[in-house]
Amino acid sequence: MDFTFPEEITALRASFSDFVKRQIMPLEEELAGEFESLSPDRQRIVEAMDRVRALSVEAGFFAAHMPESVGGQGLSTLGMTALVEDAARSGSRLAMTAISPPNPAGPSSLLLKLPDHLIKEWVTPVVTGTKTVCFALTEPEAGSDAQAIRTKATKDGDGWRINGHKHYITNASHADFAVVFAVTDAQKRAAGGITAFLVPADQFRRGPTQWNISDTHPGELFFEDAWVPDDHVVGEVGLGFFAAMEFLNAGRAFIGAQALGLAQFSLDAATAHVQARTAFGKPLAAFQGASFPLAESKVEIEAMRWLVYHLAWAVDEGQNPMLDASIVKYYSTERAYAVADRCLQVFGGMGLMKSGPIERVLRHLRMLRVVEGASEIQLLVISRALTVK
Ligand SMILES: Cc1cc2nc3c(=O)[nH]c(=O)nc-3n(C[C@H](O)[C@H](O)[C@H](O)COP(=O)(O)OP(=O)(O)OC[C@H]3O[C@@H](n4cnc5c(N)ncnc54)[C@H](O)[C@@H]3O)c2cc1C
């Protein structure tokens with residue numbers, strides 16, 4: 001076993017960190033305070049995100065994991081995982097926009113299931129950052145139990161008529177198109193009865209923003225007699241549920257890397273704080289009550305790190321490691337939240353302040369324990385792997 005990163009990934013990480021420091025941080029500082037805005041259009045944030053995408057495309061980082069044939073760099077999962085970790089560790093909120101995964105607004109291999117002419121029309125602009133997408137699976141009556149969705153697609157002429165309602169959809173308010181999952185055979189459902197469709201924005205209505213604990217604000221989408229032609233099926237008719245699970249499974253290394261980076265950012269900040277802050281005539285670091293939680297956090301971060309890297313490596317080896325992916329999603333999001341919580345505690349009151357470094361990280365990590373398969377669903381997958389042969 002060789003755990004050393006390939007040299008080209010180490011060099012890429014260094015140049016990405018430099019890019020974040022020189023190009024993204026100044027934009028971020030200009031926006032300080034606006035990230036908490038509840039204004040429905042959040043115009044300045046949206047403009048800054050567009051700018052970050054454009055800068056990152058120019059620098060060759062955005063969508064680097066996509067194949068060269070569609071404008072990406074063909075970067076390995078391990079390479080992209082490292083960039084996601086570094087974006088999260090930088091503490092910049094905009095840095096996550098510079099890297100398309102784990103945010104579903106950017107391109108993913110799911111879109112490569114479209115026919116060539118649609119790849120040119122819809123996917124290439126997502127790779128070059130001029131269009132964004134959303135992944136629309138969840139509904140008010142179907143979240144963890146995704147095969148229970150009610151959105152229906154029925155054959156109509158040379159295409160499909162779609163009716164239904166999705167909620168909690170990231171980037172619903174700005175996506176140029178949605179990948180929508182709908183029932184095409186109510187008897188078969190997950191076993192061949194759910195299909196994915198590319199639905200352009202002129203075929204759906206957007207609902208209000210769904211403000212929540214994190215800074216990721218999803219929204220509702222309504223499909224009222226939407227119509228798309230036959231070639232807008234993503235992949236094959238009936239295989240949409242498998243495509244959705246493949247998409248979520250492939251993203252686990254990226255979610256794990258995001259949690260890992262945020263945990264490391266929290267530990268970096270808390271380590272500096274306990275050395276600078278004094279109480280009872282000594283730096284906080286001199287008290288085990290403040291330093292042991294940091295030591296415990298270091299142990300958990302190292303365990304997270306190697307689980308995440310191992311999963312990314314296995315994906316690059318062509319394996320479909322569903323069990324490893326669930327272990328990574330569960331362990332990294334749960335432990336990163338515990339790390340950030342401990343780090344918040346050593347900051348005292350400042351830990352709770354919006355002006356401090358940890359408060360928004362804790363909120364984001366709380367969200368990661370629920371989305372894309374809540375922790376309990378990962379435990380379900382892991383326990384089934386143990387008990388069902
Ligand atoms: C900020 C945010 C962004 C999101 N973005 C998207 C997006 O872009 N696209 C999209 O399609 N969806 C998105 N979602 C939806 C998200 O994936 C769901 O919220 C998640 O899958 C949980 O579904 P639910 O909310 O319906 O909860 P439920 O399924 O109702 O679950 C409620 C609780 O019950 C537990 N539970 C459910 N079944 C079991 C079981 N069998 N055993 C044990 N416990 C169980 C769950 O773990 C959870 O704790 C987003 C959600 C949020 C909050």
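Strand S1 (133-136) is part of what covers the buried residues of helix H4. The model is predicted: local features need pLDDT of at least 70, side-chain atom pairs count only at pLDDT 80 or more, and totals for chains, interfaces and linings use all residues. Residues are numbered from 1 along each chain as its sequence is written. Helices (H or I, at least four residues) and strands (E, at least two) are DSSP runs, numbered from the N terminus.

**Helix H4**
- Helix H4 spans residues 116-127, and its buried residues are Val123, Val126 and Val127.
- Seen down the axis of H4, these buried residues fall within an arc of 90°, so they line one face of the helix. The arc is that of the directions from the helix axis to the C-beta atoms.
- His117 and Lys120 are exposed on the other side of H4.
- A residue is buried if 20 or more other C-beta atoms lie within 10 Å of its own, exposed if 12 or fewer, and partly exposed in between, with C-beta atoms placed from the backbone.
- Gly129 follows H4 and has a positive phi, near 75°.

**Domains**
- The domain assignment gives domain 1 (7-101), domain 2 (133-238) and domain 3 (251-387). The bounds come from an automatic or database domain assignment.
- The centres of domain 1 and domain 2, taken over C-alpha atoms, are 27 Å apart.
- Between these two, 5 residues of domain 1 are in contact with 4 residues of domain 2. The side of domain 1 that touches domain 2 has 4 nonpolar residues, no polar and 1 charged.
- Contact requires C-beta atoms, placed from the backbone, to lie within 7 Å.

**Ligand shell**
- Of the 23 residues around the ligand, Thr138, Gly143, Ser144, Ala374 and Glu376 come nearest. S1, strand S3 (159-169) and helix H11 (375-387) are the elements that give two or more residues to this shell.
- A residue counts as near a molecule or strand if its C-beta atom, placed from the backbone, lies within 6 Å of it.
- The shell holds 14 nonpolar, 7 polar and 2 charged residues. Ala, Val, Leu, Ile, Met, Phe, Trp, Tyr, Cys and Pro count as nonpolar, Asp, Glu, Lys and Arg as charged, and the others, Gly among them, as polar.
- Domain 2 and domain 3 both give residues to the shell, so the ligand lies between them.

**Ala270**
- Ala270 lies in helix H6 (residues 252-276).
- Ala270 is buried, with 27 other C-beta atoms within 10 Å.
- Leaving aside residues up to four places away in sequence, Ala270 touches Leu294, Cys343, Val346 and Phe347.
- Ala270 and Met350 are 80 residues apart in sequence and 11 Å apart in space, C-alpha to C-alpha.
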